[in-house]
Amino acid sequence: MPAAPSPAKPTACLVLADGTIFYGRGFGATGETVAELCFNTAMTGYQEIMTDPSYAGQVVTFTFPHIGNTGVTPEDDETADPVAAGMVVKWDPTEPSNWRATGDLVEWLTRRGRICIGGIDTRRLTRAIRQQGAPHVALAHDPEGNFDLEALVAKARAWKGLVGLDLAKDVTCAQSYRWDEMRWAWPDGYLRQTAPIHRVVAIDYGAKRNILRCLASAGCDVTVLPATATAEEVLALNPDGVFLSNGPGDPAATGDYAVPMIRGVLAQDMPVFGICLGHQMLALALGARTIKMNHGHHGANHPVKDLETGKVEITSMNHGFTVDSQTLPEGVLETHISLFDGSNCGIRMAGRPVFSVQYHPEASPGPQDSYYLFERFAAAMAARKVA
């Protein structure tokens, strides 16, 4: 009787700082990376997730097993290249089957230098993250299956983590630029905004392209400035409103240079709108504090309640820090909360057109539950012009 074939040798491993090791099949680029591990519950949008600058410094575990089945297309990139450090999936990516696909996920990841692992029990891994908090990990891919486990554990333990880390400077634009592309619409795709009404300065802490598209679709002529822009540089463009984008890292660290700029803009009494890290930056500028979450919110199925209308929105989220609602000063109102854990998801200044949300209204999970926020921003700028 012939001997049973030996199991295939693992070509990748995921090593947690506590010494836990997950073996699997590597794909994408070879090598090693060290980062924080988070999980994302979205059933679609893996390409947008991997190219979202807010995932800088993180390896993403996808709880949905069918990753890669719709391929990739340049139209779905949220920035020029993937930003997330790596990918963890249950099943190996499949051949693409979608009319929009222009390429294969594995080839795309390889070419873009992202290290990935498949064949992982992602349910077990997700439970560990929820119970113990987002761990520091080392992810390695070697086609020969040779791993120095002790060294990988040491690297995971030595990584300093996201607390106190300013990553916005790493993902922001190098210089200012204009944006006029609007949201995708059938059958024409992405059209250009040819008749803008409002001048908007968008501060790029790691801005997603679809946020800029939503601003353009709301009638905005958008000028994007780097994260380190000063209030003087912003106001020199004579904007009708200022937008604060999403981004990665510890908001308190980014706030060292962002908060003075925001306070300078607020002194001019103009409309301000923030999303995600921009929401946290605004809260810090108004005197609140932010805190690190146990495992964060990452997914496209998060219910958020508007406390002022009672409306519940199904939202997309991606954040590991949150605004501590107990520290909101007088005159700053909590407008939205997560129905998962009650954490803060929105604020506004009483009597002023200054507001922000923790979630991503441009990501369309509802699919159009939250577009009103861009319209509110445009309406605030229009009202200021006639005041």
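A: Contact here means heavy atoms within 4.5 Å. The model is a predicted one, in which local features need pLDDT of at least 70 and side-chain atom pairs count only at pLDDT 80 or more, while totals for chains, interfaces and linings use all residues. Residues are numbered from 1 along each chain as its sequence is written, and side-chain values use heavy atoms, with hydrogens and water left out.

Let's begin at Ser338. This residue belongs to strand E17, residues 332-338 (helices, H or I of at least four residues, and strands, E of at least two, are DSSP runs numbered from the N terminus). Ser338 counts as buried because its relative accessibility is 1% (buried is under 20%, exposed over 50%, partly exposed in between, with a 1.4 Å probe and protein chains only). Beyond its neighbours within four places in sequence, Ser338 touches His297, Pro303, Ser343 and Cys345. A polar atom of the Ser338 side chain also lies 3.0 Å from the backbone nitrogen of Phe340.

Two of these partners lead us to an open space: His297 and Phe340 are among the residues that line the second largest pocket. A pocket is an open set of points on a 1 Å grid over the protein atoms alone, with protein on both sides within 12 Å along at least five of seven lines; a cavity is a set where a 1.4 Å probe fits but cannot get out, and lining residues have an atom within 4 Å of a point. The second largest pocket holds about 210 Å³ of space, a volume being what probe spheres set on the points fill, with points joined across faces, edges and corners. Its lining also includes Phe39, Thr41, Arg130 and Asp341. Strand E15 gives the largest share of this lining, six residues. Seven of the lining residues are polar, two nonpolar and two charged (Ala, Val, Leu, Ile, Met, Phe, Trp, Tyr, Cys and Pro count as nonpolar, Asp, Glu, Lys and Arg as charged, the others, Gly among them, as polar).

The largest pocket has a volume of about 1,000 Å³. Its lining has 43 residues, and Thr44, Gly45, Glu48, Asp76 and Ala363 lie nearest the centre. Helix H1 provides the largest share, four residues. By class, the lining of the largest pocket has 16 nonpolar, 16 polar and 11 charged residues.

Two cavities of 30 Å³ or more are found in the structure, and the largest cavity contains about 130 Å³ of space. Of the 16 residues that line the largest cavity, Ser54, Gly247, Gly249, His319 and Gly320 are nearest its centre. Helix H9 (277-285) and strand E16 each give two or more residues to that lining, with the largest share, four residues, from E16. Its residues divide into nine polar, six nonpolar and one charged.

The second largest cavity has a volume of about 50 Å³. It is lined by 13 residues, and Pro361, Pro365, Pro367, Asp369 and Ser370 are the closest to its centre. Seven residues of this lining are polar, five nonpolar and one charged.

How values were computed
A polar contact is a pair of N or O atoms within 3.5 Å; within protein, one must be able to donate a hydrogen and the other to accept it, and residues adjacent in sequence count only if both atoms are side-chain atoms.
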